[in-house]
Amino acid sequence: MGKKHITIHTDGACSGNPGPGGWGALLHWNGNERELSGGEDHTTNNRMEMQAAIEALKALKQPCRIDLYTDSTYVRDGITKWLDGWKARGWKTAAKKPVKNADLWMELEEAAARHDVTWHWIKGHAGHDGNERADELARQGMENWQCK
């Protein structure tokens with residue numbers, strides 16, 4: 001039997017940029033659903049978008065076939081288009097500047113490596129049920145963190 005197929009929707013949120021932030025992920029497989037969320041007190045929206053994908057991938061106990069949906073072109077393009085070049089240049093951009101969020105890019109690459117991930121971009125706040133729920137989870141993660 002092949003790898004289990006999982007659909008993941010992820011989102012990040014930030015109040016101020018930087019500021020308190022949250023991330024959320026919704027995982028679907030075989031009629032099952034799992035929700036994840038969390039936050040940080042001082043972060044950026046891009047870091048929360050990345051953290052959502054990292055946490056979702058790390059939550060899976062075995063290698064899976066994944067369709068991951070994000071409304072962040074930064075995450076989708078970073079992992080599918082820019083990562084190899086950054087690594088080849090010693091974690092520098094084409095403009096020879098240090099790559100922002102290199103720590104999370106390394107973590108995301110490692111989390112994705114054991115899976116067969118197809119990365120999808122979808123328009124945020126456009127009525128996609130999975131994206132809307134991931135956004136709610138990210139906001140909950142941010143609010144929960146702000147109340148600590």
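Reader: Why is Asn-30 called exposed?

Author: Exposed means over 50% relative accessible area, partly exposed lies in between, and buried is under 20% (1.4 Å probe, protein chains only). Asn-30 has 70% relative accessibility, so Asn-30 counts as exposed. This is a predicted model: local features need pLDDT of at least 70, side-chain atom pairs count only at pLDDT 80 or more, and totals for chains, interfaces and linings use all residues. Residues are numbered from 1 along each chain as its sequence is written, and side-chain values use heavy atoms, with hydrogens and water left out.

Reader: Why is Lys-96 called exposed?

Author: Its relative accessible area is 65%, so Lys-96 is exposed. Lys-96 belongs to the loop between α2 (73-88) and α3 (102-113).

Reader: What is the strand order of the open sheet?

Author: The order is β3-β2-β1-β4-β5, with mixed pairing. Two strands pair if DSSP finds at least two bridges between them. β3 and β5 (116-121) each have a single partner strand, so they stand at the edges.

Reader: How do you know that β2 and β3 pair?

Author: They share ten bridges, in the antiparallel sense. Trp-29 stands opposite Asn-32 in β3.

Key. Helix = DSSP H or I, 4+ residues; strand = E, 2+ residues; numbered from the N terminus.
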